[in-house]
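Work through the exercises below with the model open beside you. Try each task before you read its solution.

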Amino acid sequence: MTGAVRATTTSPLRAADWRGDPRYGSIIPAAVVVVGGPGRTTTFVRQKGGPFAGRWMLPGGGVEPGEFVRDAAAREVFEETGISVPPHSLEPIGSYEVVAEAPDPGAYHVLLFAFLATGPHLLPAGFVGDNGGGATQVRPDQLDVHSTDRRILADAGLLDDANGAIDAALALDRLRVGSLS
């Protein structure tokens, strides 16, 4: 099935009221993973809740207290996609500080750690994951990928930042992103 794209879907997307979540009042540690698929594709999940409900993003999420960042990254990939990646196989891409100060979608501050999973992985057929409005494997330039993930994909060498398009997308999303590494 090389080069094929498979998407899984769940119930229609609905934005949860994330603004009442106390985590968004502090700095949130989070991890995302670039998981390659067949035929030079990348794995994306559609966010069901949170500040970017409905957007396609890299699999990932919050680091739990007492959890190592690589372990959190591998856990989130499995929860959202059904793909199992060993934490020790995750290679760091970079670390980022993401700050949103606009009233819509709301203010938050995330310390984001990005990793690259080794080897291609295939989405399990029929998998329905956590916080997922679906999962797909496509080339990053074939999808309206969220601006923060566009930055990560460019840093991983998987997306071209022609003419400062990523900075323009970040400004449109009202985000400031700084690289910590």
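**Exercise 1. Find the element that holds Arg151, and decide whether Arg151 is buried or exposed.**

Step 1. Locate the residue in this predicted model. Arg151 sits in helix 2.

Step 2. Check its accessible area. The relative value for Arg151 is 17%. Buried means under 20%, so Arg151 counts as buried.

Step 3. List its partners, leaving out residues up to four places away in sequence. Arg151 touches Tyr96, Asp161, Ile166, Asp167, Leu170 and Val177.

**Exercise 2. Work out why helix 2 is largely enclosed, and say what follows it.**

Step 1. Count the buried residues. Helix 2 has nine residues, and seven of them are buried, so the rest of the structure largely encloses it.

Step 2. Name them. They are Ser147, Thr148, Asp149, Arg150, Arg151, Ile152 and Leu153.

Step 3. Look past the end of the helix. Gly157 follows helix 2 and has a positive phi, near 80 degrees.

**Exercise 3. Give the strand order of the five-stranded open sheet, and find its edges.**

Step 1. Read the order. It is 5-2-7-6-9, and the pairing is mixed.

Step 2. Pick the strands that pair on one side only. These edge strands are strand 5 (60-62) and strand 9 (175-179).

Step 3. Note the twist. From one strand to the next it averages 25 degrees.

Step 4. Take one pair inside the order. Strand 6 (residues 90-100) and strand 7 (residues 108-117) run antiparallel, joined by ten bridges. Glu91 stands opposite Leu116 of strand 7.

Step 5. Recall what holds such pairs. Strands of a sheet pair through backbone hydrogen bonds, parallel or antiparallel.

**Exercise 4. Describe strand 3 and its pairing with strand 4.**

Step 1. Check cover. Five of the six residues of strand 3 (residues 42-47) are buried, so the strand is mostly covered.

Step 2. Check pairing. Two bridges join strand 3 to strand 4 (residues 56-57), and the two run antiparallel. Arg46 has Trp56 of strand 4 as its bridge partner.

**Exercise 5. Characterise the second largest pocket.**

Step 1. Give its volume: about 320 Å³.

Step 2. Give its lining. There are 16 residues, and Arg40, Thr41, Thr42, Pro140 and Leu158 lie nearest the centre.

Step 3. Sort the lining by class. Eight residues are nonpolar, five polar and three charged.

Key:
Residues are numbered from 1 along each chain as its sequence is written. This is a predicted model: local features need pLDDT of at least 70, side-chain atom pairs count only at pLDDT 80 or more; totals for chains, interfaces and linings use all residues. Side-chain values use heavy atoms; hydrogens and water are left out. On a 1 Å grid over the protein atoms alone, a cavity is a set of points where a 1.4 Å probe fits but cannot get out, and a pocket is an open set with protein on both sides within 12 Å along at least five of seven lines; lining residues have an atom within 4 Å of a point. Grid points are joined across faces, edges and corners, and a volume is the space filled by probe spheres set on the points. Ala, Val, Leu, Ile, Met, Phe, Trp, Tyr, Cys and Pro count as nonpolar, Asp, Glu, Lys and Arg as charged, and the others, Gly among them, as polar. Two strands pair if DSSP finds at least two bridges between them. Helices (H or I, at least four residues) and strands (E, at least two) are DSSP runs, numbered from the N terminus. Axes are lines fitted to C-alpha atoms, for helices over the stretch in contact, and angles run from 0 to 180 degrees between N-to-C directions. Buried means under 20% relative accessible area, exposed over 50%, partly exposed in between (1.4 Å probe, protein chains only). Contact means heavy atoms within 4.5 Å.
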